[in-house]
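Hello,

Here is the structure I promised to pass on. Please open it first, then read my notes below.

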Amino acid sequence: MWRRSLGAGCRLFGCRSAVPQGIWGSSAVRACSAPVLPALSITALQAMDSWRKHFEERGVPEPEESSHYIMAHLFGAKTIQSVEQGKLTEFLSREETEQMWKLCTRRLSRMPVQYVIEEWDFRDLTLKMRPPVFIPRPETEELVELVLTDLETMCGTEDALDALHTCVEVGCGSGAISLSLLRSRPQLKAIAVDQSQQAVDLTRENALRLGLQDRLQIHHIDVMKDPEAALSLCTRASALVSNPPYLFSEDMSKLEPEILRFEDPSALDGGEDGLNVIKQILTMAPKILSDHGRAYLEVDPRHPSLIQQWVEVNVKELRYVETRHDITGRPRFCILQKRELIQGPRVGSGLRN
Amino acid sequence: MGFKTNANIYKNRELRIYKTFVTGNRQTVGFHHHRFSGARTVHTGAPLLGARLLSVEELFARGSLQEYLKRLEAEYSECLTLVNHSAMEERCSEEELRAKRSRVSLLAPLVQSIRELDTKHKEITETEALLRDEDPELQELAKLERDGCLHDIQDLRQKILDLLIPEEEADLSDLILEVTAGVGGQEAMLFTNEVFDMYHGFAQHHGWSFDVLEHMTSEIGGLRHASASISGPESYKRLKFEGGVHRVQRIPKTEKQGRMHTSTMTVAVLPQPTEISFTINPKDLRIDTMRASGAGGQSVNTTDSAVRIVHLPTGVVAECQQERSQLKNKEKAMKALRAKLYSRKLEEVTSKRYNQRKVQIGTKGRSEKIRTYNFAQDRITDHRIGMTVHDVKSFLLGEELLEEMNSSLQEFSNQETLMELLGENDQGGS
């Protein structure tokens with residue numbers, strides 16, 4: 001879009017290289033093999049430019065960003081803009097060139113950049129990323145923002161009150177949501193579950209790296225198969241947060257290869273109407289939440305109205321509070337709250353009707 | 001407080017540069033009281049429009065300053081009496097009383113210093129007599145005492161001047177620094193990069209944080225445009241004098257025939273408002289991201305996390321693509337947008353006041369050529385105060401030399417403020 005170009009300055013590359021043009025020409029594309037390592041030294045700018053072109057030729061999305069992020073990663077930086085200008089015009093060492101070629105070849109196979117460089121940022125955290133664990137999307141950063149703002153209104157800014165509160169996350173993936181909440185609220189505790197052992201392992205690894213492991217319990221539980229296991233661990237929680245699989249099954253095949261080939265489909269596929277896991281979570285919610293506790297879900301834009309109707313009929317203990325929109329204005333988040341159960345004989349008489 | 005801060009910085013950093021301001025054929029020492037003569041001499045060229053920096057002594061020799069101080073002292077006594085008496089008599093309204101009270105507490109430190117200064121003046125007259133004593137030991141003692149007095153007088157005068165300069169609303173803010181290449185193509189962009197680095201160095205020199213928001217490079221390592229959020233004590237107060245057109249004169253790296261080029265770049269310094277002092281209606285904003293098309297959410301995985309925010313009523317735009325997190329980019333873009341909108345608002349207020357000044361701040365300053373970096377002569381000249389320093393390479397590090405230039409600008413600006421207070425807008429006469 002308005003992204004600047006770091007390119008150019010690399011037109012020399014063709015003349016400088018002793019490798020015949022044909023190697024990166026049509027034959028290589030047809031064979032779909034990785035481009036051959038250049039015989040002579042090249043600079044970082046030249047390496048990025050040539051990979052941008054390969055990516056473009058092979059139809060790899062975000063060709064420029066991809067080559068930039070991978071190069072920056074090799075320099076130990078997050079973005080190419082934060083790499084010292086002078087470094088980009090220096091020749092790469094043989095090892096650096098080889099590493100660049102190795103990582104970019106992975107990207108050529110449509111592996112997401114986040115998996116290629118094995119990390120990505122989520123809010124103010126840098127998280128380890130590993131296939132096939134779901135890569136957090138920017139919308140989920142907003143979900144966390146929403147929960148944090150709500151927690152602040154509920155508990156104020158005083159940390160001491162947080163000590164009484166626990167958050168439960170269903171489908172933690174890399175741990176992005178729970179770890180962000182824990183990082184922002186230094187007294188809060190969280191319980192995270194996921195049906196994938198790889199996700200559980202990655203969340204644990206990220207928690208350790210961030211030093212948040214003491215306040216996070218992580219369990220390998222599939223709430224679809226064994227909801228009782230989750231219910232026995234999680235009760236009286238103040239908040240239930242989830243970015244559950246919410247894609248409609250029929251849309252799965254239309255996904256980009258980055259997602260389809262590399263990410264765990266069970267973190268994405270929400271069944272025919274995308275509501276399978278959502279319904280299960282909402283059914284469990286009253287047993288997990290304390291009175292007035294809230295559930296926060298990230299969903300498909302078609303979901304909020306469906307969820308509201310379904311909850312009104314099927315989960316009486318929950319009140320649909322509101323729908324919130326994401327940065328692009330799509331209805332993306334649902335907030336629900338557990339109703340206070342009225343104690344005493346009046347409940348009994350009411351139920352008899 | 002302007003003067004004091006400068007003095008403190010010098011003391012704290014053990015940075016004692018002997019400064020002489022050659023003004024016409026007169027030579028005066030600047031506001032600072034330097035006890036060491038040292039490393040570097042700074043020459044100011046022919047001052048523009050007769051502007052020059054007055055010494056503390058010269059300022060105190062002015063009848064207008066003495067009168068002003070007397071007026072303030074009288075006002076203080078009057079307010080004090082009123083506040084003390086009305087407690088019993090209830091002569092004035094609650095609001096009036098509150099105003100008087102705050103005036104008393106505002107003026108108290110100043111009046112105290114004025115009185116201390118009077119005392120010191122008396123002491124020095126007493127020692128004058130002892131200086132003429134026949135006993136050489138007593139004479140020596142009197143000399144020591146007089147030196148001590150003179151020193152105290154200097155300090156008190158400095159303190160009084162500091163207390164006279166009012167803080168500006170934005171002085172306590174952090175800021176957004178913007179650099180944009182001007183006339184001169186690639187060479188201007190290369191210079192823009194060097195200037196951006198210079199301010200990065202200046203921020204480090206002061207221990208301020210320097211957080212890049214935008215960074216648009218050119219092909220050969222230059223910079224088309226960049227912005228950074230800078231925060232730390234007095235960051236805006238000091239950097240506000242850096243806004244304007246900076247001009248470079250040198251033989252560019254890109255030049256084959258060895259000809260000298262003149263190129264420009266522009267620096268803008270926007271104060272960063274606090275959340276409380278300045279609010280923006282979210283309804284007035286349009287936020288653009290790469291995720292605008294398609295279904296978004298789980299069905300898309302992108303690495304382009306750039307965010308652009310448009311303030312619809314004004315058309316002001318801010319964008320950020322420095323971070324891998326979209327939310328972080330949004331926060332940073334928002335920060336830049338707030339600063340841009342705030343400085344627009346602020347300029348409406350301050351432009352009138354600054355209109356007459358040589359050290360400009362705000363839009364008017366931004367379009368004015370303020371400084372020339374001449375590589376052939378290895379000098380930097382600030383056109384506002386006609387000050388020249390040498391050693392361009394060291395200057396561009398953003399350390400002592402820039403610090404020195406910046407301090408002079410601050411002193412000059414303070415003096416202009418003071419002259420306004422004293423009702424003396426004519427800087428020429430002495």
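Over residues 46-117 of chain A, the chain is 65% helix and 0% strand.

Over residues 291-307 of chain B, the chain is 0% helix and 6% strand. The end C-alpha atoms of this segment are 10 Å apart.

**Confidence**

Keep in mind that this is a predicted model. The average pLDDT of chain A is 88, and 85% of its residues score at least 70. Two stretches of chain A need care. Over residues 3-31 the pLDDT stays under 50, and the model has 42 contacts beyond four places in sequence for them. Over residues 344-353 the pLDDT is below 50 as well, and that stretch has 1 contact beyond near neighbours in sequence. Where pLDDT is low, the predicted coordinates should not be read in detail.

Helix α10 of chain A spans residues 176-184 and is mostly covered. Of its 9 residues, 7 are buried. These are A:Ala176, A:Ile177, A:Ser178, A:Leu179, A:Ser180, A:Leu181 and A:Leu182.

Next, the backbone. A:Pro131 and A:Pro132 are joined by a cis peptide bond, with omega at about 5 degrees. A:Pro132 sits in the loop between β2 (125-128) and α8 (138-155) of chain A.

Two arginines of chain A have a positive phi. For A:Arg123, phi is about 50 degrees, although the residue is not a glycine. A:Arg123 lies in the loop between β1 (119-122) and β2 of chain A. For A:Arg236, phi is near 55 degrees, again positive in a residue other than glycine. A:Arg236 is in the loop between α12 (227-233) and β6 (237-242) of chain A.

Is A:Arg123 buried or exposed? A:Arg123 counts as buried, because 25 C-beta neighbours lie inside 10 Å and the cut-off is 20 or more. A:Arg236 has 14 other C-beta atoms within 10 Å, so this residue is partly exposed.

**Chain B: overall and one sheet**

Chain B has 11 helices and 14 strands. Of its 430 residues, 38% count as buried. Take the contacts in chain B between residues at least 6 apart in sequence: 63% of these join residues at least 24 apart.

One sheet of chain B is worth a look. This open sheet has 3 strands in the order β9-β10-β11, with antiparallel pairing. Its edge strands are β9 (285-289) and β11 (316-320), and each pairs on one side only. On average, neighbouring strands of the sheet are turned by 15 degrees against each other, direction ignored.

Now the pairings. β9(B) and β10(B) (residues 307-311) run antiparallel and are joined by 5 bridges. Across this pair, B:Asp288 stands opposite B:Arg308. B:Arg286 has B:Val310 as its bridge partner in β10(B).

β10(B) and β11(B) are also antiparallel, with 5 bridges between them. Here B:Val307 has B:Cys320 in β11(B) as its bridge partner. These two strands form a hairpin with 4 residues between them. In the turn, B:Gly315 has a positive phi of about 80 degrees.

**Where the chains meet**

Which numbers of residues does the contact take from chain A and from chain B? There are 42 from chain A and 34 from chain B. On the side of chain A that touches chain B, α4 (63-74), β1, α8 and α13 (257-262) each supply at least two residues. The largest share of that side comes from α8(A), with 5 residues. By class, the side of chain A that touches chain B has 18 nonpolar, 6 polar and 18 charged residues.

Best regards

Notes: Residues numbered from 1 in each chain as written. Chains lettered and ligands numbered in written order. Predicted model: local features only at pLDDT ≥ 70, side-chain atom pairs only at ≥ 80, totals over all residues. Buried ≥ 20, exposed ≤ 12 C-beta atoms within 10 Å, placed from the backbone. pLDDT = per-residue confidence, 0-100. Contact = placed C-beta atoms within 7 Å. Pairing = 2+ DSSP bridges. Axes fitted to C-alpha atoms, helices over the stretch in contact; angles between N-to-C directions. Nonpolar A, V, L, I, M, F, W, Y, C, P; charged D, E, K, R; others polar.
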